[in-house]
Amino acid sequence: MHRTEDVLATLGMIRQHKLDVRTVTMGIDLQPCAAPDLTVLCARIRERLLQYAGRLRAVCLEVEGRYGIPIVNRRIALSPIASVAAGHSAEGYLEVARTLDAVAAEVGVDLVGGFTALVQKGWTDGDRRLIETLPEVLSTTRRVCASVNVGTTAAGINMDAILALGQVLKETAERTRDQDGFGCAKLVIFANAPTDNPFMAGAFHGVGEPDCVINIGVSGPGVVKAAIEDLQTHATTRLTLGEIAEEIKSTAFRVTRVGELIGREVATRLGVQFGIVDLSLAPTPQVGDSVGEILQAMGVVRIGAPGSTAALALLNDAVKKGGSFASSSVGGLSGAFVAVSEDSALAKAVEVGDLTLAKLEAMTAVCSVGLDMIAVPGDTDAETLSALIADEVAIGVINHKTTAVRVIPVPGKAAGDRAVFGGLFGEMQILPIHAAGGSADFVRHGGRIPAPLSSLRN
Amino acid sequence: MSTYIVTVTAADRVGIVYSVAGTLRDQGGNILELSQTVMRGCFTIILAVEFPSPRVPQDLARVIAERGKRFDLTVAVIEMKPEPLEPPVPNGERFILTVLGADGIGNIHGIAGCLAAHGVNIVDLHARADGTRFSLIMEAFLPPDLAPGTIREELERFGRDHGLEAYVQHENIFLATSEPSPVRVGPAWKTQGDAVAPH
């Protein structure tokens with residue numbers, strides 16, 4: 001007989017603390033679809049997606065029923081389209097995006113990632129065309145997600161691409177003005193992008209991956225918060241931070257194991273390879289499903305106060321350690337997301353003025369992603385947006401880690417106004433950018449920031 | 001070889017297992033499997049015991065009771081048929097069913113009725129009422145053609161009228177979250193009714 005405590009502990013994570021499988025993401029290699037004829041290319045893409053993902057929805061429902069754990073999203077990540085559609089015109093890229101949007105709906109996935117270009121060291125004609133089409137793709141399709149990798153520790157930072165992306169953000173926001181610039185929420189700009197990340201909007205199927213793979217994203221900030229609170233309730237003396245870290249580790253172990261089980265089961269039933277499980281504490285706007293609330297449970301009552309970065313570092317590291325012990329197939333981002341509009345506690349901290357853009361940037365140096373889901377004033381100039389991207393990318397490149405930027409300049413709104421994205425994307429008060437416009441000359445230089453030294457690391 | 005199922009109940013005291021196991025040893029019996037618990041002060045043990053030659057069940061029960069006279073044991077012994085029993089649910093898979101909520105007369109009867117109607121075989125069951133709260137955790141084998149969702153819906157339908165929540169989950173999720181051994185998918189290793197094989 002299973003121990004009653006174990007059964008109730010696992011059940012409690014699901015029914016009370018919102019543990020779920022946030023996403024089952026199927027990675028599909030699209031390179032074999034490349035064709036000089038656009039009609040052929042789109043037909044091949046459709047056929048390949050139906051071949052691999054046609055049963056994804058049904059299998060996920062079966063597995064959900066078998067284990068009694070919610071699988072919230074089913075998604076597809078594709079080979080970077082910039083190279084799959086290389087040689088085609090901008091209209092060709094748009095047609096590919098429309099094809100992806102339609103097939104995604106057909107197979108029952110909510111998002112499809114991989115409208116992607118990897119331009120860290122330079123860009124091809126295909127990369128340029130894909131980036132040019134982003135505003136139209138992000139404003140006219142519903143399910144297509146885009147990402148651009150603009151820097152790596154090995155290659156440095158492509159400032160030409162970053163300069164272009166500042167303009168892309170402005171144009172995309174303007175085209176989706178009636179949704180508070182929501183189109184920008186489907187574009188992630190990366191440094192050191194992982195090739196197996198299952199979380200959107202930045203998922204793509206990287207080079208070195210098999211034909212088809214199942215990657216899993218598990219979440220569970222509510223579970224971690226509940227574990228810390230439970231530990232505190234039963235402690236007879238004040239807890240040390242080491243004890244809190246241990247509790248987070250063992251909780252991360254349980255959550256990661258759920259992810260691996262679901263991933264292996266889905267992959268087995270579909271007859272494809274299981275890839276990785278990514279335990280990332282990904283918040284939702286629901287109360288009790290927040291990374292900010294974990295920091296508060298650790299004693300940082302006002303998120304953004306000194307100590308916030310240290311608390312986040314502890315959390316992120318303990319999550320990675322627990323995940324690594326749980327599974328040899330941990331990958332993706334694995335850590336804590338500080339997605340502001342999606343996290344009710346972080347959004348509240350912005351509202352009361354405790355959490356600023358500068359503090360968020362500092363916190364991203366120790367968490368798993370970066371400046372994520374942050375609304376900024378609509379009149380922010382393109383160069384300032386580019387400079388904001390460059391700062392965040394530099395943190396990743398210098399520190400040998402992934403960082404990402406998902407900022408939304410909200411048209412017609414200013415700092416202090418409210419941006420509402422709806423659903424899981426949440427809402428937040430628009431953050432001011434201090435000294436905006438003060439670094440335009442820097443980013444206009446363009447070119448490439450050279451790769452950093454890998455020795456003398458102090 | 002002859003195998004017998006022995007059950008012993010008594011008010012809980014120190015030394016009952018020592019007494020029962022000693023009697024069985026002296027009679028030449030080898031204990032194959034044993035499960036013991038104390039429920040609200042009442043000691044209960046069930047054993048599968050193998051003897052090299054046949055025994056008269058009533059005689060064996062009497063010897064155990066006499067040796068443990070100071071414990072006032074209630075003993076029952078039945079003989080197991082030599083041929084192996086067919087599993088009640090061939091090719092079934094082991095699920096964990098959890099029911100939580102308000103205590104009420106007939107809860108277990110109602111739950112068991114839902115399961116029996118769908119050919120679900122209960123192999124291990126723990127339930128208790130704590131004040132007004134009722135909790136039940138069981139291991140049960142579901143027939144291979146029965147979707148877990150079907151039995152969950154049945155239990156939820158019963159639960160709605162009785163203030164109960166029901167969960168039906170394959171046991172692998174509990175193995176995955178509770179043990180450091182590698183995650184695996186597919187059917188359980190344990191056979192039906194086998195309580196001692198490693199998970």
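View 1. The contact (heavy atoms within 4.5 Å) draws 25 residues from chain A and 35 residues from chain B. Together the two chains bury about 2,600 Å², with 65% of it on carbon and sulfur atoms. Buried area is the accessible area (1.4 Å probe) that two parts lose on being put together, summed over both. This is a predicted model: local features need pLDDT of at least 70, side-chain atom pairs count only at pLDDT 80 or more, and totals for chains, interfaces and linings use all residues. Residues are numbered from 1 along each chain, chains are lettered from A, and side-chain values use heavy atoms, without hydrogens and water.

**View 2. A salt bridge joins B:E93 and A:R66.** Their side chains meet at 2.7 Å, N to O. A salt bridge is a side-chain nitrogen of Lys or Arg within 4 Å of a carboxyl oxygen of Asp or Glu. The rule finds 2 salt bridges across the interface of chain A and chain B.

**View 3. Three helices of chain A touch chain B.** α1 (4–15), α3 (56–67) and α9 (241–270) each give two or more residues to this side of chain A. Helices are DSSP runs (H or I, at least four residues), and strands are too (E, at least two), numbered from the N terminus. α9(A) gives the most, with 9 residues.

**View 4. Helix α1 of chain B has buried residues.** In this helix (residues 16–26), B:I16, B:S19, B:V20, B:G22, B:T23 and B:L24 are buried. Buried means under 20% relative accessible area (1.4 Å probe, protein chains only). Their cover includes β1 (2–11), β2 (30–39), β3 (42–51) and α2 (57–67) of chain B. Just after α1(B), B:G28 takes a positive phi of about 85 degrees.

Methods
Buried < 20%, exposed > 50% of the residue type's maximum accessible area, 1.4 Å probe, protein only.
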